[in-house]
Each structure stands twice: as C-alpha cells, then as structure tokens.
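Me: I would like the terms set against the values for this model. Please give each rule before the conclusion.

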Amino acid sequence: MKSLTALKRLGVVTALCAAAAAAHADQPINLSLNFDNVTSGSKADDALFGVGASFVHFANPDLFDDLDAFGNPTGTTHWGDASLTYGAVKVLSSSFAVSGANVLSNGHQPILIQFNGGPVDLYRFSVQQDKSGLGNPQNNGSRLDFLDAAGHVIDGASVFYTQYANKGLTISANGVSGVSGILLSGGVDYDNLNITTVSAVPEPASVALLLGGLGLVAVVARKRRSVA
Amino acid sequence: MQRFAMFQSSVALAVLALCGAEAVAAPNISRLTPPSNPALATATTLARFLPGQRFDLQATVQPDAGATITQVVFAVDGNTVATLSNDGTNANQYAANTSLVKTGLVSGLAANTVVASNRAYANNNAGLHTLTVTATDSNGLTTTRQGSFEVVGITANSGRPAKNIIFMLGDGMGASHRTAARIMAKGYAQGKAQGRLAMDTFPYTGLVMTASLNSIVTDSAPGMSNYVNGNKAQNNQEGVFPDDTTDAFDNPRIEYLSEYLHRLKGTSLGIVTTADVFDATPAANAVHTSARGNGTGIVDQYLDDRNLTGLKVLMGGGRKWFLPNPSNSISPQPINGSQRRNANDYVLAADLQNGWGAAPGALDPNRDLIADFQTAGFTYAPDNTTLQSAGTPDMLLGLFSYSNMNVAFDKINGRRGASTIVNDYGFPDQPMLDEMTQKALDVLNKNNSNGFVLMVEGASIDKQAHLMDTDRWVLETIEFDRAVQKAKDFAQANPDTIVIVTADHECSGAAIIGASMVTDSALRAKAATSADMRDTVVGVYDSAKFPAYSIAGDGYPTTTDVNYKMLIGYGANADRYEAWISNPQPTQDSQQPFVKTAPLNTYPANPNVRNSSNGYLVTGQVPGDQAAHTATDVPLSAFGRGASLFTGVFDNTDVFFKLGQIAIGGAR
C-alpha cells in the first residue's frame, strides 16, 4: 500500500516535471485550435487537452494596479488573470463560427491567452473573429496586444484592426519577442487560433522548478527502492 | 479734368445701379445639420459622435425670388456623400435614404425652399470632420456652407468593457433633493449623518452641466436625450436636431446609446419610470421626435422600433396611450381612459424607413397596443400583484395607471391603509419603484449574453418639486434611492456593470432652509399669516437643530409631519400658499384623463390655491403656477465598471462618450 502511494506521488511529480519541461524546453510551440474538439459549454482550457495544455491557458482578464515595494499603487496597470472573479473562458456553439460549430467565447469580453512557462518568442500568431459582424466600429479602433512578463502591453507590437462588419476577419502578427500573454479585444467571439513560437525563454524560477522536480524524483525513487 | 472725373463717376454709379436692379442672389443655406460652429481651431464643435454612431445630415436651402433649387450636394472631408437633384415638381422626393422636402415646411421661408436630407450617415474615423453642403439654383448660381463635427475615438483594451449599463435618473433631483432625503431617511446627530443613502455610497461623484441646445435651462427631453446620444437637443425635443418642417417625427435623428449598443453588441433595453411612459425622460431613450407631447406616436414607436433598440422591458404609467380609441377624440373623454389620437401619432417617410430601418408607422387611434405588445412576446402586468407573480418572463410590459403613477407618499400610505388616494385614481395596487427595478433587472439578466441598457426614472421628484409639495418629493427621492440600492446590489453581483445616478436638471431651486421651531400640533394651530407661520415657525441656523424622523419597516417615514420638521424653500417658485404640513391630497395632475371628474377634480388645482385657507402666501419669482427647472449643475454618482471616469465637472453630453468608452473600449 505504501509503495502504491509512493508510486502515485512519483507520478504526480513526474507529470509536473514533464509539464515544466515541455513549456520551457528550447523548442517551438505549434498550436492550432478550432474549438470543435469539445462540447459547447466546456471551459476553453478543455480544448487544449492533448494538444497544448502544457503551453498555454485561457484567462478571463482584468486590469490590476501595479504596486510599489510598499504595496501602494504606482499609477500604472497590468493585465492579469481574473477568472476567479469572472469565471472561465468558454467554448460555445455559435451560428457565427467561422468553421465548425464552436467559437472561443468570453461573452464578448477580452480574452487573455497566457503562456504557462513565461515569455516566449512568437514566430506567428493568428486568430479569426467570428462572423457576427458585431464589435467596435472605429477604423483601426481595436487592438491585438502582446504582454510582457509583468502583464504590460509590449510597445510597438500591437496590431490594429476594425471589428465591426468584418465578418471572420483574420488577425495576425509575426515576430514578437518576450511574450507572456496575448490579449484579444472584447466585442466578438473568436475561432481558429494558431500559435507558433520560435522558442521558449526559460526563466530562472522555471529552471529551478525543473531541477527541483527532478531532485524529488530521485529522492522518491531512492525511498521506493529502500522500501522494496 | 475734374469735371471729366465727375462724369466718369456718375456713369459708373449708373451702371452699378442698373446691375443692382437686375442682380440675382445665390441660394441661402439657412440651416445646416448637425449644428456646428465654423471649423476654427478656437471654436467649440457642437456635434460629436461615437465611431459609427448614426445621424442625419440635413440642409435647408432657400432660393432667391423666382428661382428654384436644382441640386444639393453633401460632402464630408471633401468626399461626396450624397447628390440630390430636384425633379422640378412641387412634390417631395424620396430616394433610398435621401429626401428633398418641399411641402410641409415652417412659415417664413422663401418660396421654393427645400429641406435636403441624407439619413443615417455614420463615420468610423476618429477626429474632426468637415461637412460641406453645396446648393445650386435654376440661375446656375451656387452656394457652399461648411460646418464641422467630431468623431470621438474609443481606446481599445482600456480595461474590461461594461456589459450592463444602469442609468438611474432622478428627474429634477439636485443636491438639495438628495440632502433632504438623507436628512429624512437617515437622520443627523451632532453634525453627522447617521447613515448614507445608497447613492451616497457610490465611490465617484461629479457635477453635470445640464443646458440644452437653446437654453441654459433644459426641460426633461434634452435633459435625458443629451446623456444618451451625446448631442444637445432643443427644449421639448428628444433624439433629434431641430429642423424646418412641421412634421414632429421627421427631424434629423441621432442614434441613441440603446440603438448604438444594440447594433454593435446586441444589447437589450429596459425602461422603467414612475411617470407615464410617453413622458420625456423615458421616451428620450428610444424615440425620436421634436414634440415630446405626441404620446400616441411615441408609445407606438417603442414597440414598432424594438428591433432598433432591443426593447425588452417597459414599465410605468401611461395606459391611456395603449388603449384603443375608436372616436379619435378626447372630447368627451372615452370611458376606457384612452387618449390615442391621429393628431399625435406618427407616419415616417421613406428616407427615414430606408436609412434607419425604422417602421413606417400609421395613424391608428383604434390600435390595441397592449395586445400588440403581447403578440410580440411581452408579458403584460397591469398591477403589482400580476407583476410579482409573473416570474421572469423574456419580455415585460407593465402599465400600472392611466398616466403618471401615484407618488410614493400616496402609494405607501395606501399600503398602510392610511390613505385612499390610489383608489381615487382607480389603481390601488401599484408597485414601488424598487420593486419595478428589481423585476426589470431579473428580466434583463435572463439569457443576458449580450448585456443591457436599463434606464430607471424617479419621475415625480420633479413633478412634485414643480408643485412645491415638499413631503411628496422627499418621499419620491427616498423611493428612488431604494431603487438605486437594487441597482447597486446587481452591480456588486455582476461586476461588469456600470451604474450612474444623476438628474436631468434641478427642479424648483429647492433649498433646505432649516426646520420648524414648533411641534406639529402647534404648527397646525398657527394663524395663516406670514407673521405667525413664517416668523415664529421657520428656524434657521442654530434654531434648525436636527429634525428627526422615524422610519417604518417598509423603509419610509412613519409620518413626515414630525415635531420640528425639516423645512424647504424654493428659489424658482411660483406663488404658493405655504402651511409646512403635508397635503392630504396631491395636487391635480393634468395628464390624468379623468382629472376633470370626481374625485380627482376635488384635489387642489395648483399651489397658488392649495393651502389658501391654512397657509400664508409666498410670492414667487417665476410666472405661472408651478416652480420651474433651474440651470444649476446636478450631481452624478457612479458605481462599478468605469466609475472612476465620472469625476470633475462635465457636460451632460460628455456622459455619453464616457459610457461609449466604458461599454466598448473598456475601463477599469
């Protein structure tokens, strides 16, 4: 029984290590989602199982104050995950899907795609807004933003476009470095997401996690041998 | 030489005189819409729009005597938008979304004047734009007039957009009305308020300038309209610019917030009021007309153009406009209470239908509009019992009286069994505003994937302030604040919601002058003279102390006639008799169809006869028999998504652009 528990622990630790390794390995991410692989009403993260769960997750974003060393607002803000307040981003069936039956939906609120392992160098990103024709009518009044590790918009990287009446518009960008998150504007639902990175950029903390995890594996394996 | 020079001058003058006699003048473009100052760097651009917001371009062109207008061209930033050519007949011309109107014009215009329109124009580019109209007449002469308008940009990703907008409008509610409600509902002691109104707890407050297009003192039509389409309307007009035609429903339109967001986001619209639903404030969220009194057409448009506004909830008084009137007359008044008539109904021309996608309308006094609402899927509630038992329908129509609903003072006393005023009106089971608000929120939040715009009006703060019936407007403000609490509760549970509480204007110049120095019984025993009722009653400064009221379990004062009660003066008052005690009967409401018959005709006719036997005459500064609106700035308090944008002193039209940013571009 004890050996079974130890085996379970080993499995969990190994999975953690594997996820960290996948996200931080110096290898490109190539993710394509049409959101038709899950049922309507599923969490958007469910659409990532088996294809990219270790790379990214979908967050319901909000703007938060930047704080100084004493915890006081500095007057600037950053984007972060507010899914606990607003709920998870969903996959929903929509007559406005560009392909298939489903769209990526946050009730026309913005959607934040966060890279699990920290900043990556983006080779190409593309997504299609749905075919509703809704959204901001201002010419080049909507924006695809890329966020740095602190959740700040990376200057000069944003892509401007017009939402309203542009049914199924493809929004894309190439060659953005140090991206920890991608912010999709509110106003419409989305479909056919593609992310390709050149490489991930390992962070010291992630490397420490990986090494720590491997160390734990070694300890557990040694204990397991001694029990046997 | 000198003589020759004089001869030359004489000849030149003679030629000039001859030319003058035969000269023809170019056309005169006497009105250009949207109205604007010249596009000078120092000029204030009057007309502003959100990106893509629709509005009409219009020009009134008057030819010289004997000439006709052959062509009118609209251009924006030098690019032709529309070219309208006159067919030479006297008949009005309509083509797609354009028109040349030649008949039905106001008097005083030159012969052969045309009003040229290009309907539902929109511009998606932020910045200042130049509007140019060029008119050509039958003599081949042309005139150009230039104006400007601005498209106010939206900054994307400025935060999460607000999904729901709740606009709480206390009609006529200035700072004094808020303070008086706080004193009565919460009490003060040792200099501090013992509690806060719900609107006091909103974290951001600013001051709003309320002027209309043509006056520093607005009425309720521009007062509401300016907030929700970003442009100044003329008094008595809602959702339109002024024009030179006599048709009240063909004025140049400006797209409302409800219409704009319904088109861009699929939002729903809810309108809740304690007034007759045709009244200016509710109508100025959905209906476009230059005559706020045209009840039949106004209520018809609520239903007919629901596909433009997303209307899902309509609640208030006003059944008189919804009931069929086969006689097309109100003399005599039909026994069913209907006041539908052709004279205030609407029919739209083709350019408005084509441009805006608006319904054509019809002159149909015999229309059963309640039945038509029900056919369209609305659940109908004629009283509070039905309203509360209706569950949460998809769409809701509630009409709880013939015209303006009874006020909180009389409704709550009716519920307490202390008054039969609501029975006199024939509607003993009317909901309170907070009950209507909660039901509206429940309905709008059902299947609420795209959000909603809800306007809730505490209408009789204004109406009772006009009548200088202090006890009644203070209770109206307390009732309104209880509705504000419902909106705040909703926003706390649904954080992508912005709630703003404000007024369209101040009414009556109300001021809390102090408090009575005597008990209620002593007050009632006073002689009806100013020496007795003013000099020995009105306590100012230290003598005012802190008036104390007790609040019953229903949330309202057990009585307003407490000892040492709070006293209100009026800076915009007409003549009135003041007795300081509550009036057992409300003052007559001319909107009620049966106001001229018993028992309503037994009520006091107006403030300058009311209390004439037990009060003293206070001579007013304004003519007429009611207090007037004032130009005083009004407070605006905000709660929820984007609330921080509502600080400082700003124009009522600014509110629209703040809401546009919050709803589309997002805000913290």
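Reply: Two strands pair if DSSP finds at least two bridges between them. Strands (E, at least two residues) and helices (H or I, at least four) are DSSP runs, numbered from the N terminus. The model is predicted: local features need pLDDT of at least 70 and side-chain atom pairs pLDDT 80 or more, while totals for chains, interfaces and linings use all residues. Residues are numbered from 1 along each chain as its sequence is written, and chains are lettered from A and ligands numbered from 1 in the order in which they are written.

Me: What makes S9(B) and S10(B) a pair?

Reply: The rule asks for at least two bridges; 10 bridges join S9 (residues 127–137) to S10 (residues 142–151) of chain B, and the strands run antiparallel. One bridge sets Thr136(B) against Thr142(B), and Leu131(B) stands opposite Gly147(B). Four residues lie between the strands of this hairpin, where Gly140(B) has a positive phi near 85 degrees.

Me: How do you know that S4 of chain B pairs with S9 of chain B?

Reply: Seven bridges join S4 (residues 69–76) to S9 of chain B, again antiparallel, against a threshold of at least two. Val76(B) has Leu131(B) as its bridge partner in S9(B).

Me: Why do S2 and S5 of chain B stand at the edges?

Reply: The open sheet has five strands in the order S2-S10-S9-S4-S5 (chain B), with mixed pairing. S2 and S5 (79–85) of chain B each have a single partner strand, so one side of each is left without a neighbour in the sheet.

Me: What makes the two domains of chain B count as touching?

Reply: Contact requires C-beta atoms, placed from the backbone, within 7 Å. Chain B is divided into domain 1 (22–151) and domain 2 (164–509 + 629–665), with bounds from an automatic or database domain assignment. Their centres, taken over C-alpha atoms, are 34 Å apart, and the contact takes 29 residues from domain 1 and 24 residues from domain 2 of chain B.

Me: Which classes make up the side of domain 1 of chain B that touches domain 2 of chain B?

Reply: Ala, Val, Leu, Ile, Met, Phe, Trp, Tyr, Cys and Pro count as nonpolar, Asp, Glu, Lys and Arg as charged, and the others, Gly among them, as polar. That side has 15 nonpolar, nine polar and five charged residues.
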